[in-house]
Amino acid sequence: MEIILNCDLEYELKKDFKKFKSMMLDLDEKNIDIFEDEDKAWNLYILSIVWDNDAMVKCIKKLLYNGISKKLINDYFKNFIKMKYKIQNGIWSWNEIDEYDIDFNDVKKTSIGMAFF
């Protein structure tokens with residue numbers, strides 16, 4: 001999942017991302033392969049924030065305190081909240097199943113969405 005970040009939002013989130021990476025590697029060295037790929041590590045970091053409601057509230061308050069607009073925060077996290085919903089409910093499109101290499105045992109329902117550009 002590729003999302004373009006606003007520089008201010010990225011700057012504020014990157015501070016804690018470094019701490020998150022370090023903590024995860026301290027917990028288990030087997031995680032090194034995940035954290036070598038910066039995109040996978042970033043997605044794991046953001047999903048871990050979204051997954052825990054208390055962490056999400058703290059993160060949003062911190063971003064608002066540091067001058068990031070509410071609209072920008074909502075637009076960014078909306079995609080990850082959708083991903084959380086898909087993971088929890090096992091609802092995937094065939095394209096996502098193929099792109100993310102999702103095991104068929106994790107698919108409870110398929111969705112079809114068409115978009116014409």
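Reader: Why is K62 called partly exposed?
Author: The relative accessible area of K62 is 31%. Buried means under 20% relative accessible area and exposed over 50%, with partly exposed in between (1.4 Å probe, protein chains only). K62 is therefore partly exposed, because 31% falls in the middle class. The model is predicted: local features need pLDDT of at least 70, side-chain atom pairs count only at pLDDT 80 or more, and totals for chains, interfaces and linings use all residues. Residues are numbered from 1 along each chain as its sequence is written, and side-chain values use heavy atoms, with hydrogens and water left out.

Reader: What makes the contact of D16 with K62 a salt bridge?
Author: The closest N and O atoms of D16 and K62 are 2.6 Å apart. A salt bridge requires a side-chain nitrogen of Lys or Arg within 4 Å of a carboxyl oxygen of Asp or Glu, so the pair of D16 and K62 qualifies. This pair links distant parts of the chain, 46 residues apart, with D16 in helix α1 and K62 in helix α4 (residues 53-65). Helices are DSSP runs of H or I with at least four residues, strands are runs of E with at least two, and both are numbered from the N terminus.

Reader: How do you know that K19 and D16 meet in a salt bridge?
Author: The N to O distance between the side chains of K19 and D16 is 3.7 Å. That value is within the cut-off, so the pair counts as a salt bridge. Both residues lie in helix α1 (residues 7-27), three residues apart, about one turn of the helix.

Reader: What do the side chains of K71 and D75 form, and which helix holds them?
Author: They meet in a salt bridge with an N to O distance of 2.9 Å. K71 and D75 both lie in helix α5 (residues 70-89), four residues apart, about one turn of the helix. K71 is exposed because its relative accessible area is 58%, whereas D75 is partly exposed because its value is 36%. Elsewhere, salt bridges that share partners join D16, K19 and K62 into one network. The search of the whole structure finds six salt bridges.

Reader: Why is K86 called buried?
Author: The relative accessible area of K86 is 18%, so the residue is classed as buried. K86 lies in helix α5. Leaving aside neighbours within four places in sequence, K86 is in contact (heavy atoms within 4.5 Å) with I91, W92, E96 and S111.

Reader: How many residues line the second largest pocket, and which classes do they belong to?
Author: The lining comprises 14 residues, of which D16, Y45, I49, A55 and C59 lie nearest the centre of the pocket. By class, the lining has eight nonpolar, one polar and five charged residues. Helix α1 gives the largest share, six residues, and α1, α3 (38-51) and α4 each supply at least two.

Reader: How many helices and strands does the protein chain have, and what percentage of its residues count as buried?
Author: The protein chain has six helices and two strands, running α-α-α-α-α-β-α-β from the N terminus on. Of its 117 residues, 32% count as buried. Among contacts with a separation of 6 or more, residues 24 or more positions apart account for 51%. The C-alpha trace spans about 40 × 35 × 25 Å along its principal axes.

Definitions and conventions:
On a 1 Å grid over the protein atoms alone, a cavity is a set of points where a 1.4 Å probe fits but cannot get out, and a pocket is an open set with protein on both sides within 12 Å along at least five of seven lines; lining residues have an atom within 4 Å of a point. Ala, Val, Leu, Ile, Met, Phe, Trp, Tyr, Cys and Pro count as nonpolar, Asp, Glu, Lys and Arg as charged, and the others, Gly among them, as polar.
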